[in-house]
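Please read it alongside the model.

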Amino acid sequence: MTAPSTQAPHPGADPAGSTDPRTTIILRTLTVAAFVVILNETIMNNALPRLMAHFEVPATTAQWLSTSFMLTMAVVIPTSGWLLQRLGVRGTFVLAMSLFTAGTALASAAPTFEVLIGARVVQASGTAVMIPLLMTTLMNLVPENDRGRVMGNVSLVIAVAPAMGPAVSGLLLQIGSWRLIFLAVLPIAAIALAIGMRLLPRIEESGRTRLDLLSLLLSAVGFGGLIYGLSSLGGGHGSADEPAPEPVVDPPVAIAVSVLALALFAWRQIRLQRGADPLLDLRAFTYGGYTAAFGTMCLSFMAFLATIILLPIHLQQVLSLSTLTTGLLLIPGGLAMGLLGPTVGRAYDRYGAPRLVLPGTVAMTLMLGLLALLAPVADAWLILVLHVCLSLALAMTFTPLFTAGLGSLPSHLYSHGSAILGSLQQVAGAAGTALSIAVMSLVAGSLVDSGEPGPDELAVGMRASFGVLAAVGLLAIACATRVRTPPPGTERSDAPTH
């Protein structure tokens, strides 16, 4: 998309100052909204058995509540950069939260399972835009010397929300109907929407832009197909009690078609960059600081999401713990990651990215290696300790990587950088999950002559999966050595850095 030759300074964007009160209110509004929509991603997990009984559907059908949400996210996130430039901050926020609120209201009253699926798609359409919107607004409004602290506070919310989802849903399900899950979220979403409509500024990125329909189609097929294929190839997110859905399309075929679509999508974006409006401006990758942070983030996110999937399987199928106990054991890790966020943010402002990211990726790889080594003998308490340590290591990486990566770009590429990272994070997460589940199943299955693997075989499969994730961690360390803190005033220069 065409960048303006000059850009009016945004409120609170004085590099020498601190974040002003109005900017703080704006960011708090966006952060509360982001918390609500992120919480919604994991709040459904405990409700699947109740929904299966209520709507009389099998587990393979119920899992589409998660699959449809993830696919919608993958399709919509690439459009967030265009939406921000077309509608500005306020318009994009109103659209995103209106969709999420409408989807939540529809889900709370859904008379059939098909309507509930549709409501989840509407919710996901709003959710997909919120994180790129929050990150782009933060980069535009917060002075350079205060970004680490503010990003750390935002990271607290982003990390705590998914950890609290299963616990919140478990409590609501104890109180009453599954509809309470949506009814509890609905007034918070509506209030955030009303406050945002009143307080958010009309920050325009670059005026009116044209949506390239071919890019949108290729993006939907590419990102959506790749997420679907990788998730199906890895067995989805099911368990022994709640198996994943049977793939509608053969996963290798879906992956092959999506890779071709993404290659055509990249070619199309390069052509559009010459004078028209690309859906995603790939010139972000010409900035070395962004590319290094991007690679480290995606590899770390692969390990993070795969671990979130593997640990519940280990706790439930190897250690025979209940769903509730499993959820409670995993909450401390999410809280630890969130609570360390503000501290890491302040440390970034003082010490820069390399002193945090490199030790963080090393610690992450060490924890994954210990999980691989100890998986066959680890009890619940040891898993708890290792998960908390892993979460603390990830907290040292995510905030600095977001801040340094986006800070390496000129301001007109903030929205595109956020959208690219959000899209490929989804792909990286699906790839990490597919790889880890496939390795676990293959190794565990090779240890039995027939039938399903038992706890001992699954424990050995876990060892192999965490070993592969530790290897991914080594790649993250290699990328982390190239991460740099952008010097002051970087975003005011359009010259790529390598």
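F301 and F304 both sit in helix 11 (residues 288–318), three residues apart, about one turn of the helix. Helices here are DSSP runs of H or I with at least four residues, numbered from the N terminus. F301 and F304 are both buried, meaning under 20% relative accessible area with a 1.4 Å probe, protein chains only.

The model is predicted: local features need pLDDT of at least 70, side-chain atom pairs count only at pLDDT 80 or more, and totals for chains, interfaces and linings use all residues. Residues are numbered from 1 along each chain as its sequence is written, and side-chain values use heavy atoms, with hydrogens and water left out.

## Aromatic pairs

Rings of Phe, Tyr and Trp (its six-membered ring) pair if their centres lie within 6.5 Å; planes under 30 degrees apart count as stacked, over 60 as edge-to-face and the rest as tilted. The count by this rule is nine aromatic pairs. In one, F301 and F304 have ring centres 5.9 Å apart and planes at 55°, so the pair is tilted.

F304 also pairs with F398, edge-to-face, at 5.8 Å centre to centre and 80° between the planes. F398 lies in helix 14 (residues 380–407) and F304 in helix 11, so this pair ties together parts 94 residues apart in sequence. Both F304 and F398 are buried. Elsewhere, F55, F113, W178 and F182 form one aromatic cluster.

## S219

S219 belongs to helix 9 (residues 213–233). S219 counts as buried because its relative accessibility is 0%. Leaving out residues up to four places away in sequence, S219 touches V75, P78, G224, F265 and L279. Contact means heavy atoms within 4.5 Å.

Note on methods: Helix = DSSP H or I, 4+ residues; strand = E, 2+ residues; numbered from the N terminus. Buried < 20%, exposed > 50% of the residue type's maximum accessible area, 1.4 Å probe, protein only.
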